[in-house]
Amino acid sequence: MGINMGRINGKVAVILGAAGEGNMGQTIARRFAGEGARVVVAGRAGAKLKTLGEELGGDHCVCNITRSTEVAALARFAVERFGRLDIAVNCTGWAPMTKLLEVTEDELDKLCALQFKGVYFFLQSM
């Protein structure tokens, strides 16, 4: 079975969580660009995102998924920049690397903000 290149040619995709070197978000962004999409990469590390956005011929937007206003601004940015928004992929994630009984309330709050509230904001805005 061969790869059908250009399957998403001309589509606009937002990939949130693409700042980490070689992470899933970057891999997806590169693949989407290779398939013809115009890609907006997003996350919290602006310099890394700018470099990746330029590499892909797309753009970047700094966004913290735990802040609803920033997620809404990301969606607006993609539409203003490329005239539409067709695809949204959330690749953010974090979890404390400790035993369950050692997780602090602050760590649990951070986990819930990122893994639940952030995803909700992302889906709501896209």
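Begin by selecting alanine 113, which is buried because its relative accessible area is 19%, where buried means under 20% relative accessible area, exposed means over 50%, and partly exposed lies in between, with a 1.4 Å probe and protein chains only. The model on your screen is a predicted one, in which local features need pLDDT of at least 70, side-chain atom pairs count only at pLDDT 80 or more, and totals for chains, interfaces and linings use all residues. Residues are numbered from 1 along each chain as its sequence is written, and side-chain values use heavy atoms, with hydrogens and water left out.

**Helix 4**

Alanine 113 belongs to helix 4; helices (H or I, at least four residues) and strands (E, at least two) are DSSP runs, numbered from the N terminus. If you leave aside its neighbours within four places in sequence, alanine 113 is in contact with Thr66 and Gly118, contact meaning heavy atoms within 4.5 Å.

Is aspartate 106 buried or exposed? Aspartate 106 counts as exposed, because its relative accessibility is 62%.

**A charge and a ring**

Show the side chains of lysine 110 and tryptophan 94, where the charged end of the lysine sits over the ring of the tryptophan, 4.2 Å from its centre. A charge sits over a ring if NZ of Lys or CZ of Arg is within 6 Å of the ring centre and within 35 degrees of the ring normal.

**The nonpolar cores**

Now select Ile15, Phe32, Val39 and Val41, which touch the most other members among the 16 residues of the largest nonpolar core. Such a core is a set of buried Ala, Val, Leu, Ile, Met, Phe, Trp, Tyr and Cys residues joined through side-chain atoms within 4.5 Å. At least two residues of this core are supplied by each of strand 1 (12-16), helix 1 (24-34), strand 2 (38-43) and helix 2 (46-55), and the largest share, three residues, comes from helix 1. Another core lies apart from this one and has 15 residues, among them Val12, Val71, Leu74 and Phe121. In soluble globular proteins, nonpolar side chains tend to be buried together.

Return to valine 41 and display what it touches, not counting residues up to four places away in sequence: the list includes Ile15, Ala29, Leu52 and Cys61.

**The largest pocket**

Finally, which residues lie nearest the centre of the largest pocket? Select Arg44, Ile65, Thr92, Gly93 and Leu114, which are those nearest its centre among the 20 residues that line it. On a 1 Å grid over the protein atoms alone, a pocket is an open set of points where a 1.4 Å probe fits, with protein on both sides within 12 Å along at least five of seven lines, and lining residues have an atom within 4 Å of a point. The largest share of this lining, three residues, comes from helix 4.
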